[in-house]
Amino acid sequence: MWKETKEGLEAEFEFEDFVEAFAFMTRVAGIAEEQQHHPEWFNVYNKVHIRLRTHDANNNITEKDRRLAAAIDALWACN
């Protein structure tokens, strides 16, 4: 699901409606805070686009990004 682009590690998630999308973002926010690594994201109605890159590493993809992506994947699998 995740793709490496020149901008970072990116994925898009689609839900039934805005409420489900926002609830997912809220759960991801908790995980991101625990890991002290915060995503760049964009939400329109039932879609959430997430980009991960490490700002402290010149916006490159690092293990921090891969770890957060794996945690997000685990959360997505529970949906």
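User: In which strand is Ile50 found?
Analyst: The model discussed here is a predicted one. Within it, the element that holds Ile50 is strand S4.

User: Is Ile50 buried or exposed?
Analyst: A residue counts as buried when its relative accessible area is under 20%. For Ile50 the relative accessibility is 0%, and therefore Ile50 is buried.

User: How far apart are the C-alpha atoms of Ile50 and Glu10?
Analyst: Along the chain, Ile50 and Glu10 are 40 residues apart. Glu10 is also listed among the residues in contact with Ile50, when neighbours within four places in sequence are left aside. The separation of the two C-alpha atoms is 5.6 Å.

User: Which residues have the most contacts inside the largest nonpolar core?
Analyst: The largest nonpolar core has 19 residues. Ile50 is in contact with Trp2, Phe13, Phe24 and Ile72, among others. The residues with the most contacts inside the core are Trp2, Phe13, Phe24, Ile50, Leu52 and Ile72.

User: Which element gives the most to this core?
Analyst: The elements that give two or more residues to the core are S2, H1, strand S4 (47-52) and helix H2 (63-77). The element that gives the most, with 6 residues, is H1.

User: How many aromatic pairs are found in the whole structure, and what kind of pair do Trp2 and Phe13 form?
Analyst: A pair of aromatic rings is described by the distance of the centres and the angle of the planes. A search of the whole structure finds 7 aromatic pairs. For Trp2 and Phe13, the centres are 6.0 Å apart and the planes make an angle of 70°. Planes over 60 degrees apart count as edge-to-face, and the pair of Trp2 and Phe13 is edge-to-face.

User: Which parts of the chain does this pair of Trp2 and Phe13 link?
Analyst: The two residues are 11 residues apart, and the pair links distant parts of the chain. Trp2 counts as buried because its relative accessibility is 16%, and Phe13 is buried at 0%. The parts linked are the segment before strand S1 (3-5), which holds Trp2, and strand S2 (residues 8-14), which holds Phe13.

User: What kind of aromatic pair do Phe13 and Phe24 form?
Analyst: Phe13 lies in strand S2 and Phe24 in helix H1 (residues 18-35). Both Phe13 and Phe24 are buried. Their ring centres are 5.1 Å apart with 45° between the planes, and the pair is tilted.

User: Which residues do ring pairs link into a cluster?
Analyst: Leaving aside neighbours within four places in sequence, the contacts of Phe24 include Phe13, Phe15 and Trp76. The cluster linked by ring pairs consists of Trp2, Phe13, Phe15, Phe24 and Trp76.

Definitions and conventions
Residues are numbered from 1 along each chain as its sequence is written. This is a predicted model: local features need pLDDT of at least 70, side-chain atom pairs count only at pLDDT 80 or more; totals for chains, interfaces and linings use all residues. Side-chain values use heavy atoms; hydrogens and water are left out. Rings of Phe, Tyr and Trp (its six-membered ring) pair if their centres lie within 6.5 Å; planes under 30 degrees apart count as stacked, over 60 as edge-to-face and the rest as tilted. Helices (H or I, at least four residues) and strands (E, at least two) are DSSP runs, numbered from the N terminus. Buried means under 20% relative accessible area, exposed over 50%, partly exposed in between (1.4 Å probe, protein chains only). A nonpolar core is a set of buried Ala, Val, Leu, Ile, Met, Phe, Trp, Tyr and Cys residues joined through side-chain atoms within 4.5 Å. Contact means heavy atoms within 4.5 Å.
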